[in-house]
Structures are given as C-alpha cells and as structure tokens.
Amino acid sequence: MALFVAKRLLMALATVLVVAVLAFLLVHAMPGSPGAVSLGAGASQDAIDQLNRQLGWNDPLVSQFARWLGDAAQGNLGVSLIDGRSITADLANRLPVTASLAAGATILSAVLGVALGVTAAVRGGLLDRAIGGFVGLLVALPAFWVGIIFVYLFAVQSSVFPATGYVPFEVSPQDWALSLALPVITLAVGGAAFIARQTRASMLEALQQEHIRTLRATATPTWKILYVHALRYASLPIVAGIALQFIGLFGGSVIAEQLFAMPGLGQAVQTSVSTHDAPAVQGVVVIATVVVVAVNLVLELATKFLDPKLRAS
Amino acid sequence: MPRPGRAALTRLSRHRLLGSPGAVAGLVWLAALVIASLTAPLWLPFKTEDQDFTAVLSGPTAAHWLGTDELGRDILSRIFAAAAGTLGTSMITVIVGVGLGTILAMLAAGAGERTETAISRVTEVMMSLPGTVIILAVIGAVGTNIPLVMAILGILMSAGIYRVILGQAKSLQSQLYVDAAKVDGLGPLGISVRHVLPGLANTVVVQAALIFAVGMLIQAGLAFIGFGPPIPQPSWGGMIQGASQHVYDAPWMMVPTGAVLALTVLSANAIGNALGKAPNAAAPHLPSAADRRQRAKAVAAIAAAARDAEETGDAGTDAGAKGTLSVRNLSVGVDNAGTGTGVQLVTGVSFDVEPGTVLGLVGESGCGKTMTALSLLGLLPSGVSATGGQILWNGRNLAATPDKDMQSVRGREIALISQEPMRALDPMFTVGYQLTATIRRLRGMGRSEARAEAHSLLEKVGIVDAGRILKTYPHQISGGMAQRVAVALALSGRPKLLVADEPTTALDVTVQAEILSLLRALVKDTGMSVVMVTHDLGVVADICDQVAVMYAGHVVENGRTAAILDNPRHPYTLALLAADPHANHADSMPERLATISGQVPQPKDWPAGCRFAARCQFAGSACLEPVPLLPSSAGDGLVRCVKADQLAIEGMDWLATDVPAGRLLPVSPVSSATPEPAPEQDSIVEKDLA
C-alpha cells in the first residue's frame with residue numbers, strides 16, 4: 001500500500017510537470033509578445049523590444065522555463081502583463097471561490113445521483129423507467145442554459161437567491177451559502193445525472209453477483225442486502241465516477257463563474273486568455289491542474305482503500 | 001465461440017436501434033436537422049443577418065415562427081444556419097477522439113503488456129487533467145479556430161474512450177480464433193483489422209454517439225463564454241449567451257435554441273444508449289421491488305389455486321412426516337406480465353426426500369435441475385417463478401408462501417450451497433464477518449458467542465486453522481477452502497435440508513472428493529437431508545440414496561440409486577450411463593464412449609409427446625403422444641417412457657455409434673417429422689473427466 005501511494009504521488013507530480021511544460025509552450029505560441037500585450041496598442045517597437053528583453057522573452061526556452069519553474073516552486077507565478085498584479089496572490093483569492101463551487105457541486109451531485117441511481121435500481125419497474133427518462137433529459141441539458149433558467153426562476157421571478165456575485169465566507173457565511181446556491185445547483189444538475197447512471201448500473205451489477213443469492217439463502221433482510229452488501233460492492237465504481245465528475249465540474253465552473261459573475265479561477269482563465277496575459281494563463285492552468293490532480297489522487301486512494309483486494313496487498 | 005461476424009453485428013445493432021422508439025426519434029431528428037441545415041439557404045424565410053427593427057426581441061409570430069433576438073434577427077433562421085457547423089465540428093471531435101482511442105486500445109491489446117502499461121499511464125494522466133482549462137489555454141494560443149479546437153478536444157477525450165474499449169479489445173485479442181490466425185502467420189495489424197475491429201464495431205459506434213453529444217455541449221459552452229465562431233456568424237452557444245442578456249425582458253429567447261440543442265444532444269444519447277444496451281443482462285439475484293410485487297402475485301395465485309383444490313376436496317395435501325420434503329407436480333415458468341404465463345421451464349416435477357437421505361437431481365445442462373432446486377428456497381432468478389404445484393415442507397406449501405415468510409425457512413430450515421464457492425461469498429467482507437453475522441441472525445446469538453460458534457463451525461467442516469481463515473477475505477483462500485466456508489455458512493442456521501447446486505463441479509478433482517466426504521459425514525452426523533444437483537453420475541453413485549433423472553424440464557426416471565444405476569429403464573438414463581467413462585467398468589470399457597446426438601431442446605420447443613424422442617435411438621410413433629410417469633418394472637421407481645418395458649425385456653443398450661433415431665422400429669414418423677441433427681452438432685454428454 002505504501003509503495004502504491006508513493007507511485008501515485010510520483011505520477012501526480014509528473015502530471016503537473018508535464019502540464020507546466022505544456023502550458024509554457026502554449027503560452028509561447030500565443031499571438032503577440034508580452035511586451036506588446038503589456039504596453040498596449042500605442043507602444044513603439046523600441047519600448048516593446050526593451051520590455052521583452054527585460055522579461056527575458058528572448059532567452060532560450062529552456063532557461064526561461066527553468067526560471068519560471070524555480071520561481072513557481074517558491075510560490076511566485078510572476079505578475080500580470082495587464083495590470084502588474086501578483087498572479088499568486090490573485091489566484092490565492094480566486095481558488096476558494098472555485099473550490100467551494102466545485103466541491104459543493106460534487107457533493108450535491110453525489111448525494112442526489114447516488115439516491116436517484118440506487119432508487120432506480122432497487123425499485124425497478126415504472127419508477128426505474130421514469131428516473132431513467134428524467135436523468136437522460138438532465139444529461140442532455142447544457143449547464144449554462146440550466147443556469148439561466150434558474151436565474152430566471154429563482155432570482156428574477158422570485159428573489160430567493162442573488163442572481164449573480166459572490167460573497168466571501170469571512171464576510172458572511174449565510175450570504176456566502178446563498179451566493180453559491182444557484183451556481184452549485186446549476187453544475188450539479190448534469191453531475192447528478194451522470195452519477196445516477198453510474199450508480200444504477202453499478203447497483204444492478206452488484207445485485208447480479210452470486211453472493212447476493214447466498215445472502216438471501218441465509219435470510220439476510222432485504223435492506224441489509226441492498227444497503228450494506230450491494231451498495232458496498234457498488235461503491236468502488238461509484239467513487240471512481242464521482243472522482244471523474246469532480247474533474248468535469250471543476251472545468252464546468254468556468255461557465256458557472258461567467259454566468260454568475262463569480263471571481264474564481266474560471267473567470268481568470270477566461271479573461272487572461274481573452275487578453276493574452278501569458279503568465280496569468282500559465283499560472284492558472286498549473287494551479288487548476290494541481291488542484292484537480294490532488295483531489296483525484298485522494299479519491300483514487302479512497303477507492304483503493306474500499307477494495308479489500310488492494311488494501312490487503 | 002463463433003467469430004462475431006460483421007453482418008450479424010450490424011443486423012443486431014439495426015434491430016436494437018429500431019427497437020427503441022427514442023433512438024428512432026433521435027435518428028429522425030438528426031437526419032431532419034442535417035438536411036434542413038444543409039438546404040437552409042433554399043427555404044429559410046430570412047438571412048441570418050437580416051435585422052427586422054420592427055420586431056426586436058419578439059416572441060413567436062407569423063413572420064418569425066420562433067421569435068427574434070435583440071437585433072431583430074430571425075431565431076429560426078439562425079438556429080438552422082448554425083446547425084450544420086455545430087454538427088460538423090462536433091464530428092471532428094468524434095473522429096479524432098474515437099479514432100485515436102480505438103487505435104490506442106487495439107495497439108495496447110495487441111502489442112503486449114509493456115505497451116499497454118505505457119499507454120494506460122499516459123491516458124490516466126490525460127483523464128486527470130482539467131480539460132476545460134487546457135482547452136481554453138489552447139484557444140489562447142491558436143485563437144477561436146473551432147475545427148482545430150474540436151480536434152484537440154478529441155485528443156483529450158480519446159483517453160476515456162481508450163479506457164472503455166481496452167477491455168473488449170483485450171478479450172477479443174485473446175480469443176482462440178485470434179491465436180489460430182497468429183499461428184497461420186497473420187501479422188498484428190491484420191489481426192487488429194480483421195478480427196478485433198469488427199468485434200469492437202458496436203462499442204465504437206456507441207462511444208461515437210455519446211462523444212458527439214458531449215462535443216456539442218462543450219462547443220456550445222465555449223461559444224457561450226465568448227470563444228465561438230467570429231461574431232456575426234451564428235452559433236447555438238452564442239445565441240444562448242445573447243439570450244441570457246435578456247432573460248429579464250425577453251425570457252422566451254432562451255427557449256428555442258436551448259430546446260434544439262437539448263433535443264440534438266438527447267438524440268445522440270438515445271442512439272448511443274439503444275446501441276449500447278447489453279442484449280441480455282443477467283438477472284439480479286435480488287429482484288427489484290417491482291419484480292418482487294410481480295412475484296408476490298404469482299405466489300398468491302398458487303396459494304389461491306391450492307385453496308380451491310382443497311375446497312373441492314381433491315388436493316393431495318398430505319403434509320407428510322416432519323422433515324420430509326414432498327414436491328408435487330411443481331412447475332416453474334418465465335413471468336409474462338399481461339398475457340398470463342410465459343414459457344414453462346419445469347413441468348410436473350414430483351419427488352420426496354426423507355430425513356437423513358440424499359436425493360440426486362441428474363441431467364444435462366438446461367434440463368431444469370437448478371430451477372427446481374432454487375424454487376425450494378424461493379430463490380428463483382428475477383423474472384422466473386413457480387407457476388403451480390406444491391413444495392410441501394413441515395406442513396407448509398413453500399410454493400405458495402410469500403417471500404417474507406420464506407425468510408424463516410431460508411437458512412434455518414433449508415440452506416443452499418452453490419456451484420462457485422468463490423463467487424458465493426461476498427468479496428467485500430471477511431469470512432469471519434459473514435459467518436458471525438449469519439450465525440447471529442439465524443441463531444440469535446451475541447457477538448462473542450457467534451464468533452466462537454463460527455470458529456467451531458469452520459473446524460467442523462475440516463478447516464484446521466479456523467482462527468486465521470476467519471480473518472481472511474474470500475479472495476485470499478483457495479476454491480476448496482471457500483467451499484468449506486460456504487458449507488459452514490449453510491450450516492450456521494442448523495438446517496434440516498441442504499440444497500446443493502453442483503457443489504463440486506468448479507473444484508479440483510482431489511478437492512471434490514473431500515467436499516463429498518464432508519457432505520456425507522454431515523448427513524450422517526446431523527441427520528439432515530440433501531437435494532444434490534449434479535450432472536456427474538460418479539457423484540450420484542457416491543452419495544445419493546435416491547435419484548431423479550431430469551430431461552427438458554421434467555423427471556423422466558426416478559428411484560433408488562442402486563436400481564437406477566444398475567437397471568436403468570429410460571433411454572435417457574441409459575444414454576447418460578453409456579456416455580459416462582466411470583460408469584463403465586475397466587474390463588467392459590467400450591472402445592468408444594456413447595454420445596447423445598443433438599441438444600436438449602429449448603423450453604419453447606418442447607414437443608407434446610416425449611421430449612427426448614428427437615434424440616432417442618429407440619423412438620417410434622408411440623412417442624408422439626404425451627408420456628405419463630409410470631411405475632418402473634425395476635424396483636419401486638417411476639419411468640416416463642412408453643417403451644421402457646420392451647427395452648428391458650430385449651436388453652437393448654445405448655449404442656456408441658451414430659445410430660439414426662428409431663432403430664427399434666423400421667421407419668418412424670418421428671424421425672421424419674423431426675429432422676436428424678447434423679452429425680457435427682453431436683455433443684458428448686456434459687461430463688467431468690474426473
């Protein structure tokens with residue numbers, strides 16, 4: 001098990017490194033030099049060249065990457081070309097927004113999805129088909145469209161929730177929760193549908209296992225067969241599905257943040273890509289990767305821990 | 001296993017596609033959308049950029065069927081003008097993603113373990129990336145070049161497709177016909193293209209449909225956040241973005257584009273799901289609540305029928321002695337909601353099991369032995385239930401007992417051992433947990449008391465280091481050990497009757513003998529009785545007191561073991577014995593073992609007359625009539641054959657050669673009515689070479 005964890009940690013580290021290289025190369029392929037982006041349209045070529053020299057833009061790529069990596073390792077992701085703000089500080093402010101959004105959506109998706117999926121598998125018949133149709137519809141609805149409908153229903157028609165904006169937890173926990181509600185529900189609609197499908201399939205698969213018959217033959221109560229034994233067997237693929245959903249929802253937060261005007265990582269990607277702010281793009285890609293890879297690692301270890309075969313070895 | 005032919009596969013897919021109304025609707029919608037979009041310039045009432053300032057932000061009107069946007073542009077026209085581009089660029093993701101994923105999977109499956117590990121590692125990394133963020137960074141570098149962005153999205157998604165396809169590609173790669181092709185000198189590429197790819201076709205199409213839907217959603221999402229096609233050009237995501245600005249003053253604008261996008265995604269998903277539906281998924285061992293209600297109705301019907309019979313006074317409800325199992329005229333059938341009963345799998349089965357005796361249910365696979373055995377515990381698989389007759393046990397008809405009342409019978413009075421010990425135990429819990437939980441439930445013991453009882457039960461079934469085994473998980477012990485644990489589990493409620501469904505079939509030869517002697521000792525020590533399902537006549541000779549030979553869902557001969565084995569009266573029993581290498585003594589071992597030509601007929605094909613007639617060497621015209629189960633001339637058994645006495649007098653043996661059916665009578669209508677099975681269909685009676 002220790003070896004397994006060590007291996008996975010190394011893999012995670014390698015993943016982040018590969019993405020860092022990739023982001024670095026992508027940023028260098030962006031149109032316009034940093035000098036031109038920073039100084040804007042009216043700047044003279046001399047001024048642009050001078051700034052580019054200052055930023056080390058003309059150095060060999062390897063030494064530029066080494067410098068960036070050295071700085072990044074010390075927590076310095078550089079400064080924005082647009083307004084000179086510290087990218088590290090900016091992302092540190094934004095990360096909690098996206099993290100609470102993605103975590104909230106994942107938890108809500110998991111709760112709703114597992115409940116729906118288990119109900120469909122366990123009840124069967126008409127209810128199963130009804131849930132199947134409902135879930136199929138949810139999967140097909142684009143999150144941004146659902147979000148706007150929610151804004152229309154809950155913020156425009158009845159002002160239960162604020163339509164847009166984000167209130168930090170430190171300012172007011174209650175407003176924080178209210179400001180998160182609509183974006184989280186928006187993201188969770190699709191997430192819950194995917195997890196419901198995964199759960200239903202895994203539960204049915206579990207109920208087809210022969211040991212379920214053994215349990216019945218020894219008079220195990222139905223609830224215990226379903227919720228202790230079958231759900232336990234199905235938990236491995238379900239948790240793996242939830243881990244995949246987290247990645248998807250973390251990415252999906254770009255749309256939710258845009259829609260609900262939330263100052264998160266997604267908004268940072270969107271603005272920095274639009275303004276060709278190279279170091280900001282590079283920083284946010286790497287930070288997003290670190291978060292996703294870390295959460296994925298934890299959930300993967302959790303799955304392995306759930307599996308007696310792997311735990312014992 | 002036959003090579004999955006391309007033709008057969010497409011036929012199957014086509015059938016499944018047309019069988020699903022959702023998929024048909026989806027196909028129609030997608031086709032209509034593509035045609036409408038491609039021909040849009042010919043019929044659209046407005047150009048996409050036409051601005052009608054007299055009708056800005058209008059709802060549906062006669063002029064603008066789906067309304068207009070903030071610049072007075074016709075929404076219907078813009079939706080259809082954007083459709084071809086959206087569908088086309090989504091296809092790029094499909095082709096790149098599914099193509100790359102499939103190629104990687106075939107490469108990994110064909111090129112050995114190291115390549116597979118390498119590819120799998122890379123795809124794992126790809127799957128753990130925040131795809132959306134990376135796609136945005138790509139857009140930063142290459143701009144909103146939609147086809148290129150969609151192609152890169154395809155590369156990112158190929159990892160997931162690879163994961164889905166890999167398992168199937170590996171199993172196709174390991175088929176015997178692939179090995180044969182390798183021996184014939186077909187190269188890896190040839191094998192992948194000729195043998196693996198056709199087998200993957202369905203999965204690939206399913207994935208393509210699902211990826212198409214995802215690609216469309218992501219593309220629309222990108223357009224929504226401003227990374228769509230250049231501005232005046234319409235896109236679905238961009239149109240929804242525009243609509244979102246007017247959700248306060250013109251909420252209608254949201255509806256048409258959102259609905260079209262959702263319908264298109266829904267269509268692709270419906271097609272993928274219809275194709276991807278497993279054709280015959282195994283039935284759950286615990287039926288769903290809806291199926292349990294269905295089952296309860298069947299049970300109630302049997303109970304009602306039994307009550308009616310009792311009132312009219314012609315019921316044979318002699319409850320029998322305590323501890324005696326009496327099965328009377330039992331039938332089991334497939335549930336068929338609406339139209340009464342479905343196909344019968346077991347008909348008119350009767351037998352008795354006295355306390356302390358062992359009854360063997362013998363026959364080939366597909367004769368209804370296991371169905372009969374499982375019905376004793378009310379554990380028939382989902383979709384199958386007892387449809388008539390009685391299972392009398394301690395004065396109770398178990399066939400008419402509701403499931404909740406069966407709980408007091410299961411484990412406590414009648415217990416079950418299954419064929420595959422490894423699969424019969426829950427892999428997620430330790431042996432100790434499974435045993436103690438069962439003992440506590442069935443015997444009402446406390447935790448520590450149950451723990452001690454579990455220990456002593458394991459010792460009783462011949463496990464020496466019981467303490468260690470209690471702490472292990474099922475995957476950590478051998479098959480023989482697992483079967484001992486399964487026997488201990490079955491014994492934990494001190495049952496009076498043990499139903500053993502081929503308990504030794506999956507085990508090694510030496511272990512088989514150990515488990516049999518364990519069962520024999522348990523019968524002797526505890527006085528319980530056993531119903532033993534087996535196709536192994538060696539097992540029958542070894543342990544059974546009584547035998548019921550089953551063929552095609554009913555008993556064809558029963559009686560005491562010695563009488564049946566020494567003086568078989570039914571041709572099927574004769575054939576089984578002639579085909580058994582162990583039943584023939586070494587000195588009289590024939591040069592060639594007999595076979596039974598043909599196969600056990602499917603339940604829906606059972607003839608009204610003798611069900612064995614089509615395969616019988618002695619069949620004649622008399623065999624076309626229904627055959628009753630009559631007292632046998634040998635001992636006190638029963639036999640279901642009109643020629644049993646004639647055969648016994650003439651001392652006929654089942655011949656080892658390929659003898660045409662009906663050799664007893666010159667020309668029989670049976671052999672002409674039922675065509676002779678082709679010789680290559682001959683199957684040696686399923687047999688352990690033990």
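Lys and Arg count as positive here and Asp and Glu as negative, while His and the chain ends are not counted. The place of a charge is NZ of Lys, CZ of Arg, CG of Asp or CD of Glu. On that basis chain A has 17 positive and 15 negative side chains, and the centres of the two sets lie 20 Å apart.

Some ground rules. This is a predicted model, where local features need pLDDT of at least 70, side-chain atom pairs count only at pLDDT 80 or more, and totals for chains, interfaces and linings use all residues. Residues are numbered from 1 along each chain as its sequence is written, chains are lettered from A and ligands numbered from 1 in the order in which they are written, and side-chain values use heavy atoms, with hydrogens and water left out.

Now chain A as a whole. Chain A has 13 helices and 0 strands; helices (H or I, at least four residues) and strands (E, at least two) are DSSP runs, numbered from the N terminus. The C-alpha trace of chain A spans about 85 × 55 × 35 Å along its principal axes. Of the 313 residues in chain A, 50% are buried, meaning under 20% relative accessible area with a 1.4 Å probe, counting protein chains only.

Next, the parts of chain A. The domain assignment, which is automatic or from a database, gives domain 1 (15–87) and domain 2 (90–310). Their contact (heavy atoms within 4.5 Å) takes 19 residues from domain 1 of chain A and 17 residues from domain 2 of chain A. The C-alpha centres of these two domains lie 35 Å apart.

What does the UniProt record say about residues 95–303 of chain A? The unreviewed entry annotates them as "domain: ABC transmembrane type-1"; such annotations may be inferred rather than shown by experiment. In the model, that stretch is 85% helix and 0% strand, with its end C-alpha atoms 26 Å apart.

Residues 101–122 of chain A are 100% helix, and their end C-alpha atoms are 31 Å apart. Residues 176–196 of chain A are also 100% helix, with end C-alpha atoms 28 Å apart.

Last, chain B. There are 25 helices and 12 strands in chain B. Of its 690 residues, 53% count as buried. Chain B exposes about 29,600 Å², and carbon and sulfur atoms supply 61% of that area, computed by the Shrake-Rupley method with a 1.4 Å probe.
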